[in-house]
Amino acid sequence: MTTSVHLATQLAVNVLDARSLLAAFGVLGVGVVMFAETGLLVGFFLPGDSLLFTAGLLCTGSADQSLHLSLGPLLVSAAVGALAGAQFGFLLGRKAGGALLARSRSKRLLEGAQRAEELLERYGHAKAVVLARFVPVVRTVLNPMAGALGVPARTFTIWQVAGGLVWSLGLTLGGYALGSSIPNVDRYLLPLVGLIVVVSLLPLLAEILRSRRAARAQEERG
């Protein structure tokens, strides 16, 4: 009976809510979500940023005592899921080309694919792969797009590992550091998650501004 109740609780999990996912699946769930969001097109709606930050927060004693995670296994799960997912998405793109995206009817997913292709064209392979990690939806579709567009496997692997580690470990440790320094910080979880999503977009915004300044300077010299 207890097993049935536990199974029903897991099946009733809200996949859009980070705390609900963590309560149901714990550290292992973080790795699964990271893999799905970065490797499977159906995972574009998953809350990657907020999940990592919330999980890091719940590794501290200042957060909700009914749900406590271990930092070491969490970091391993987050990193492995993020890196394996991106590599799988790349290989999927190599095999299936653009067929998977062509079949999709999701406007949000198709818009993300367009932005991913623009990133690859504008910033080059290495920089685009790193920047995409910090943009929801784009980090899902850029990996198969990179495979479909023929990005060299070695280049993709090196930079997806670099970007994946900075993203997954950075957000997780950010949540842990904040939770360790501010008592009862989980009371302000929603605004903090919103803030962390905005902060995660700063590398992309900085690169856009830099590119515009460079283009404007080139026009003035021309």
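Which helix gives the most to the lining of the second largest cavity? The answer is α8, with three residues. The structure is a predicted model, in which local features need pLDDT of at least 70, side-chain atom pairs count only at pLDDT 80 or more, and totals for chains, interfaces and linings use all residues. Residues are numbered from 1 along each chain as its sequence is written, and side-chain values use heavy atoms, with hydrogens and water left out.

Two cavities of 30 Å³ or more are counted. A cavity here is a set of points on a 1 Å grid over the protein atoms alone where a 1.4 Å probe fits but cannot get out, and lining residues have an atom within 4 Å of a point. Grid points are joined across faces, edges and corners, and a volume is the space filled by probe spheres set on the points. The second largest cavity holds about 40 Å³. Its lining consists of Val129, Ala132, Arg133, Arg139, Leu142 and Asn143. Both α7 (125-132) and α8 (138-148) supply at least two residues of this lining; helices are DSSP runs (H or I, at least four residues) numbered from the N terminus. By class, three lining residues are nonpolar, one is polar and two are charged, where Ala, Val, Leu, Ile, Met, Phe, Trp, Tyr, Cys and Pro count as nonpolar, Asp, Glu, Lys and Arg as charged, and the others, Gly among them, as polar.

Helix α8 also packs against helix α6 (residues 107-123), at an angle of about 60° and with the axes 8 Å apart. Axes are lines fitted to C-alpha atoms over the stretch in contact, and angles run from 0 to 180 degrees between N-to-C directions. Angles under 35 degrees count as roughly parallel, over 145 as roughly antiparallel, 65 to 115 as roughly perpendicular and the rest as oblique; α6 and α8 are therefore oblique to each other.

The axes of α2 and helix α3 (residues 48-57) come within 10 Å and cross at roughly 125°, which makes α2 oblique to α3. Ala18, Leu21 and Glu37 are among the α2 residues of this contact, and Leu51, Leu52 and Ala55 among those of α3. Its residues divide into nine nonpolar, three polar and one charged.

Terms used: 1 Å grid on protein atoms, 1.4 Å probe; cavity = no way out; pocket = protein on both sides within 12 Å on 5 of 7 lines; lining within 4 Å. Contact = heavy atoms within 4.5 Å.
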